[in-house]
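Here is a short report on a predicted model.

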Amino acid sequence: MTGVRVVVVGAGVVGLSTAVCIAESLPLCSVTLLAETFSPDTTSDGAAGIAFAAPFPDIPLERQRRWFKDSFDHLLAIAQSQHSPDAGVILSSGWQIFKEVPATKEPYWSDLVIGFRAMTDRELKRFPDHKFGQAFTTVKCECSSYLPWLEERFRKAGGRVEQRRVSSLQALGNSFDLIVNCSGLGSKALVGDAGVYPVRGQVLKVEAPWLTHFIRDGDGKTYIYPGIHSVTIGGTRQEEDWRLHVDRGDTANIRERCGRLEPSLKKAKVLAEWVGLRPSRRNPRVERERVLLQGRSVPVVHNYGHGGWGVTIAWGTALDALGLVRQCLKEMPQAKL
Ligand SMILES: Cc1cc2nc3c(=O)[nH]c(=O)nc-3n(C[C@H](O)[C@H](O)[C@H](O)COP(=O)(O)OP(=O)(O)OC[C@H]3O[C@@H](n4cnc5c(N)ncnc54)[C@H](O)[C@@H]3O)c2cc1C
Ligand SMILES: O=C(O)CCC(=O)C(=O)O
């Protein structure tokens, strides 16, 4: 046997990151990336792409810190290299502001981003409804550039790409020795996970090149993220809402909320409106199991359910998934690594 046949299902930021990690680290495996949709038609494509996260309830904080750190350091290195414009990864500085002083003044990643500090009274003055704020520099990833850039990197590492929908893992059992499931919300049907659910998010992309700093309300519903080509303003977090069309009421509401934080947005031209369904789950599923497919016991590594933080932790969870793939290979006596 010359190599183990690995398939990665899903070409959003999680699937592409995972596919790149596997193809670059395990050159003797033949890796196929298989997905129903590719950039620009994935959920990842419309994300603001800011590296920022809230904690998941049941994952040890040390593991979450590792996911954040590995991803942040990976993106920071790109942002500070000549690849930054092609990959669409940049540094982004700004403020998170709170109407009430939060119980936890420093998020678990406060020492992993750059220059995290409490805002001064002078900085807070322009936000009269807010009592407390955090200033920091993080990274921002424009997935409409980053995903094609990752796909190119995957192809250069010898990966193959195939576009089709997979109706069940059974359909893959004959053609592959190891399955890596990065199908996001698709995992609800693909692996019958009832714990995966959509959280609808609507954003507007506006033209406002004079804005250079992000502003995020600590309630997580209102944010303004300046990017390379446009400013993303949002948003909504509507649980179990599968509607993919733009809601005019949401648009008006977003413009009103963001305009209150940044009055100059009233002058900004709307370039596009977008809706995505966050692949949410109580905790992301990054684990392995064996599944009986066509009479064969096939190892499956899962990496999905990142909710609203998929861009932020994709690279870190991809490295974990790579570790799980290595464990599966060790259990295959015929595999050459
Ligand atoms: C409005 C909004 C703003 C956001 N902003 C941010 C942000 O600033 N920072 C951040 O970290 N995150 C953000 N997110 C969250 C982020 O977008 C998601 O966490 C991330 O996109 C999830 O990536 P994914 O690869 O798991 O899923 P997806 O991008 O949805 O990709 C899933 C892939 O699986 C494929 N697939 C599914 N089922 C099948 C099947 N049966 N057969 C074949 N292929 C299949 C799909 O075609 C697709 O290629 C935001 C989300 C929204 C909605
Ligand atoms: O929450 C944020 O501030 C970033 C955008 C995001 O992650 C989201 O809308 O899911």
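Start with the shell around ligand 1. Helix 1 (13-25), helix 2 (43-46), strand 8 (197-207), strand 13 (269-280) and helix 9 each supply at least two of its residues. The shell holds 41 residues, and G12, G184, G186, G201 and G310 come nearest to ligand 1.

Ligand 2 is surrounded by A48, I50, F52, G201, R216, G220, Y223, G234, G235, R278 and G308. Here is the make-up of each shell.

Six strands form an open sheet in the order 6-2-1-7-15-14, with mixed pairing. Strand 6 (160-163) and strand 14 (285-293) are the edge strands, each pairing on one side only. From one strand to the next, the twist averages 20 degrees. Strand 1 (residues 5-9) and strand 2 (residues 30-35) run parallel and are joined by five bridges. V7 stands opposite T32 in strand 2.

Now the core. Which residues of the largest nonpolar core touch the most other members? They are V6, V8, I22, I179, V180 and V325, out of 89 residues. Helix 9 (residues 310-330) gives this core its largest share, 11 residues.

V180 deserves a separate look. Neighbours within four places in sequence are left aside here. V180 is then in contact with V6, V7, V8 and V9, and also with T18, V301, N303, A321 and V325.

Note on methods. Residues are numbered from 1 along each chain as its sequence is written. Chains are lettered from A and ligands numbered from 1 in the order in which they are written. This is a predicted model: local features need pLDDT of at least 70, side-chain atom pairs count only at pLDDT 80 or more; totals for chains, interfaces and linings use all residues. A nonpolar core is a set of buried Ala, Val, Leu, Ile, Met, Phe, Trp, Tyr and Cys residues joined through C-beta atoms within 7 Å. A residue is buried if 20 or more other C-beta atoms lie within 10 Å of its own, exposed if 12 or fewer, and partly exposed in between; C-beta atoms are placed from the backbone. Helices (H or I, at least four residues) and strands (E, at least two) are DSSP runs, numbered from the N terminus. Two residues are in contact if their C-beta atoms, placed from the backbone, lie within 7 Å. A residue is near a molecule or strand if its C-beta atom, placed from the backbone, lies within 6 Å of it. Two strands pair if DSSP finds at least two bridges between them. Axes are lines fitted to C-alpha atoms, for helices over the stretch in contact, and angles run from 0 to 180 degrees between N-to-C directions.
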